[in-house]
Amino acid sequence: MDSVIGDYQMAFIRDSQILDNFVIAEEVIHEWRKDREGGLMVKLDFEKAYNSVDHNFLDTMMEGMGFGVRWRHWMRACVTSPTLLVLVNRSPTKQFGIERGLRQGDPISPFLFNIVVEGLSSLLMKSGDFRYD
């Protein structure tokens with residue numbers, strides 16, 4: 001993961017702690033005040049974000065990062081093979097497949113989510129309005 005995920009991502013990366021983000025934010029604000037500069041910080045709320053991951057986008061990101069066809073096929077099988085059914089009045093419906101999202105609790109899901117977030121990070125970096133120091 002270290003070779004495909006940027007240094008600015010803190011979650012689920014070895015030797016990183018998500019709480020480091022709060023320290024970094026505090027340091028940035030302190031520097032802005034000291035230098036009498038302004039800036040913009042954005043906090044993204046990823047609550048329920050696992051549910052909205054598009055499997056095609058994940059595959060495209062993995063392809064762009066150099067993951068091989070076999071590995072991508074395995075990952076696609078992991079995220080698309082589960083089926084669900086719903087109980088309606090205690091009677092099960094027909095099973096249906098999952099079209100998007102990652103399963104919470106699956107050990108591989110946080111890493112796949114980091115790959116998806118890397119796409120957003122790349123877009124922010126390319127915009128020229130985002131700086132990571």
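Predicted model: local features only at pLDDT ≥ 70, side-chain atom pairs only at ≥ 80, totals over all residues.
**Stop 1: helices α2 and α4**

Begin by selecting residues 55-64, which form helix α2, and residues 109-127, which form helix α4. Two packed helices are described by the angle between their axes and the distance between the axes. Here the axes come within 9 Å and cross at roughly 80 degrees. An angle from 65 to 115 degrees counts as roughly perpendicular, and α2 and α4 are therefore described in that way.

Next, display the side chains where these helices meet. On the α2 side, select F57, L58, M61 and M62; on the α4 side, select L112, I115, V116, E118 and G119. Colouring by class shows 7 nonpolar residues, 1 polar residue and 1 charged residue in this contact.

**Stop 2: E118**

Remain in helix α4 and centre the view on E118. Is E118 buried or exposed? With a relative accessibility of 7%, E118 counts as buried. E118 and I5 are separated by 113 residues in sequence, yet their C-alpha atoms are 6.4 Å apart in space.

**Stop 3: helices α2 and α3**

To see the contact itself, show H55, N56, D59, M62 and E63 in α2 together with W71, R72, M75, R76, V79 and T80 in α3. These residues divide into 4 nonpolar, 3 polar and 4 charged.

**Stop 4: R72 and D59**

Select R72 in helix α3. Leaving aside residues up to four places away in sequence, R72 touches D59, M62, E63 and F67. With D59, R72 forms a salt bridge in which the closest N and O atoms are 2.9 Å apart. Since D59 belongs to helix α2 and R72 to helix α3, the pair ties together parts that lie 13 residues apart in sequence. D59 is buried, with a relative accessible area of 18%, and R72 also counts as buried, at 14%.

**Stop 5: K34 and E31**

How many salt bridges does a search of the whole structure find? The search finds 2. To view another one, move to helix α1, residues 20-34, and select K34 and E31, whose closest N and O atoms are 3.4 Å apart. The two residues are 3 positions apart in the helix, so about one helical turn separates them. K34 is exposed, with a relative accessible area of 54%, whereas E31 is partly exposed, at 35%.

Notes. Residues numbered from 1 in each chain as written. Heavy atoms only, no water. Axes fitted to C-alpha atoms, helices over the stretch in contact; angles between N-to-C directions. Helix = DSSP H or I, 4+ residues; strand = E, 2+ residues; numbered from the N terminus. Parallel < 35°, antiparallel > 145°, perpendicular 65-115°, else oblique. Contact = heavy atoms within 4.5 Å. Nonpolar A, V, L, I, M, F, W, Y, C, P; charged D, E, K, R; others polar. Buried < 20%, exposed > 50% of the residue type's maximum accessible area, 1.4 Å probe, protein only. Salt bridge = Lys/Arg side-chain N within 4 Å of Asp/Glu carboxyl O.
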